[in-house]
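Please look over the sequence and the model before reading the points.

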Amino acid sequence: MAYFLQQFVNGLTLGAVYGLIAIGYTMVYGIIGMINFAHGEIYMIGAFIAMIAFAVLGVAGVASVPMALIVVLLLAIVFTAAYGWTVERLAYRPLRGSFRLAPLISAIGMSIFLQNYVQLLQGARVKAMGPLFRGGFVLMEDEGFRVTLSYLQLFIIVLTVALMAGFTLLIQRTALGRAQRACEQDQKMAALCGINVDRTISLTFVLGAGLAAVAGLMSTLYYGVIDFFIGFLVGLKAFTAAVLGGIGSLPGAMLGGVLIGLIEAFWAAYFDAAYKDVAAFSILILVLIFRPTGLLGRPQVEKV
Amino acid sequence: MALARAAPTVSSGVLRAAFGEALVAAGIAFMLALPLAGLRLPINPMDSVIFRPWWVVVAVATVFLGRLGLALWRARVAPSRRNGVPLLDRALAYILPWRRGIFVAFVLLVAILPLMPFADRRVIDLGAVVLIYVMLGWGLNIVVGLAGLLDLGYVAFYAVGAYSYTLLIIHLDLNFWAALPLAGAFAALFGVLLGFPVLRLRGDYLAIVTLGFGEMIRIILINWSSLTGGSEGITSIPTPTLFGLTFTAVPAPGETAFHQFFGIPFAGVHRIIFLYYLILALALLTHVFSMRIRRLPVGRAWEALREDEIAARALGLNPVMVKLSAFGLGAMFAGFAGAFFATRQGFINPSSFTFIESAIILAIVVLGGMGSQMGVILAALLLVLLPEVARDFAEFRMLLFGGAMVAVMVWRPRGLLAHREPTATLGDLSRGREPAP
């Protein structure tokens, strides 16, 4: 029981990271119907920028941990969002209205480009960082096995919940959210109603990149090591999460992320850790066969 | 300099707008370059971060000048060209009637390459690598170009072919010619097994599922050590024989070596040349097969489904079966290529079958122009030979590769030799345009 609870806490933390990235996939898919293949790389860039920002703050002599966290969070979001915007502007916008596979292939190219860009600029070696937080709460103790919720895990879960709440408000209450939902339904009609469609799409990418940057910061803190290749697998799993939850649905992305995180944690704990990625992809295939709309997705109507 | 020449013909309003755009672009470039190019994490986390201001300056200046130049070029040169047919398309229009002749000439050139005086071991080896990619490209072209299914895990079938070939050779003691068709059959079987459940999905879901499948195969190959040798792989795979003639200096008892049979001195290059002709034959087989099957009902059905799935279904085609046949056949050719790859290398391990390999094969199909057989040759030559020529830029290779994929898509979304006429048409119908978004 204690072991189960510990894995649950670990899976939840992992799921929060996947969920934040999955939101980026789901929003972009909802609005322009393409898989933003480079989104995993945006998350990787976010992780790098966060680690660089910590290093710079260390040189500047910022000693207070909450202060450093807030500054790094803001820096990572702003600079990563610039990458998100640029990727959309250069690789996807010129291809709007082109044939269906073109943006996807351009996205794959972008993903390869960004991976090697970071590798060239920052080196191929794994980058490490010392832990920022130590300690945590002991939730329960059972036959000498101690279930802990570390402060870092608590921070990740709380921040994710807060971001989700803010995001739901943003989509449902603000002008930007309305414009986004309008573009999702019918771009031409939205344009006729005076919505700047290009700008709305750009902002969607910026928001998605911002969330990916937060996810990058979290995994930098959680694992303490990053390299230029981390975006590929995590991006694939986050996309799986988006599909599992129902692509196009924000709560679905979060739910899918948490489920994938839990599945991975439990699989690694009770079965074979080497095959935990296989488990995640098998889930993707099974979901697509039996429930292609995902858990919370709307069925797609095909019109002629 | 360019500015000074351009200035007299460009109005000051245009100039001001160009400057504005360039400033915005430079500002964004600053934001992009500052964290990743301007600062570098030290290898030892105890050291302090390395600051490289000049990298940022260079990046920002390059983007500023580049954007300014582009804006001025667009204002001056582009309007006069905007309505014209692009140069490449005009050139293609001249070449297209001759394409059959060009193809035959090209095949002849490739066939006599090993006999050329300059053809040493390295050149022939490189030629074989190009031909492997051409074959893979043609195989994937059946799936992507003809049937319009985006397969991002093509390398999985290549891996299945290579491993099943190797295991058959080692455990069942088959020879190359018996194991080759079996390797193709195994790969096709995997294609059908994967395809059957997922081919009902929309195009981009299919892409992700195939990508996930490719990763699954690789993870299984790494972890199933008792069968596949894990990440070490399997070594000492024997070279095929030519009608029982081996390519060793000292043949085993009871075997005849190639050089003994023909009474010529032994040379290691014989084996290389033999492998070269083998892959040439396999590649041509793929080509002939896909050219012929286009004219069969099943090939027509692929193209019909690619152009308009709903209309094809309305005509009574079963989309799952049609797609499945394309998927399985494409996988089969990957299996053949995999078997050849295993026998040429003499060893295999999972690191030859990563996603990047799938991306390269897809890039060959897409950059060449989907559905175009010549385009595949052109793209394979470019992608394999360019890194060989530019060895000094080896570390930039994948960077350029990714950038080129984006650039070609933006410039010519349908590929370099974009020629995608359905094989059968009803006279001059106004077709080929995408519906307005």
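Predicted model: local features only at pLDDT ≥ 70, side-chain atom pairs only at ≥ 80, totals over all residues.

Residues are numbered from 1 along each chain as its sequence is written, while chains are lettered from A and ligands numbered from 1 in the order in which they are written.

**Contact between chains A and B**
- Chain B puts 47 residues into the contact and chain A puts in 53 residues; two residues are in contact if their C-beta atoms, placed from the backbone, lie within 7 Å.
- On the side of chain B that touches chain A, α10(B) gives the most, with 13 residues; helices are DSSP runs (H or I, at least four residues) numbered from the N terminus.
- That side of chain B holds 35 nonpolar, six polar and six charged residues. Ala, Val, Leu, Ile, Met, Phe, Trp, Tyr, Cys and Pro count as nonpolar, Asp, Glu, Lys and Arg as charged, and the others, Gly among them, as polar.

**Domains of chain B**
- Chain B has domain 1 (10–81) and domain 2 (92–411), with bounds from an automatic or database domain assignment.
- Between the C-alpha centres of these two domains of chain B there are 41 Å.

**B:Gly299**
- B:Gly299 sits in helix α14 (residues 297–307) of chain B.
- B:Gly299 counts as buried because 22 other C-beta atoms lie within 10 Å; the cut-offs are 20 or more for buried, 12 or fewer for exposed, and partly exposed in between, with C-beta atoms placed from the backbone.
- Leaving out residues up to four places away in sequence, B:Gly299 touches B:Leu146, B:Ile293 and B:Arg294.

Note on methods: Helix = DSSP H or I, 4+ residues; strand = E, 2+ residues; numbered from the N terminus.
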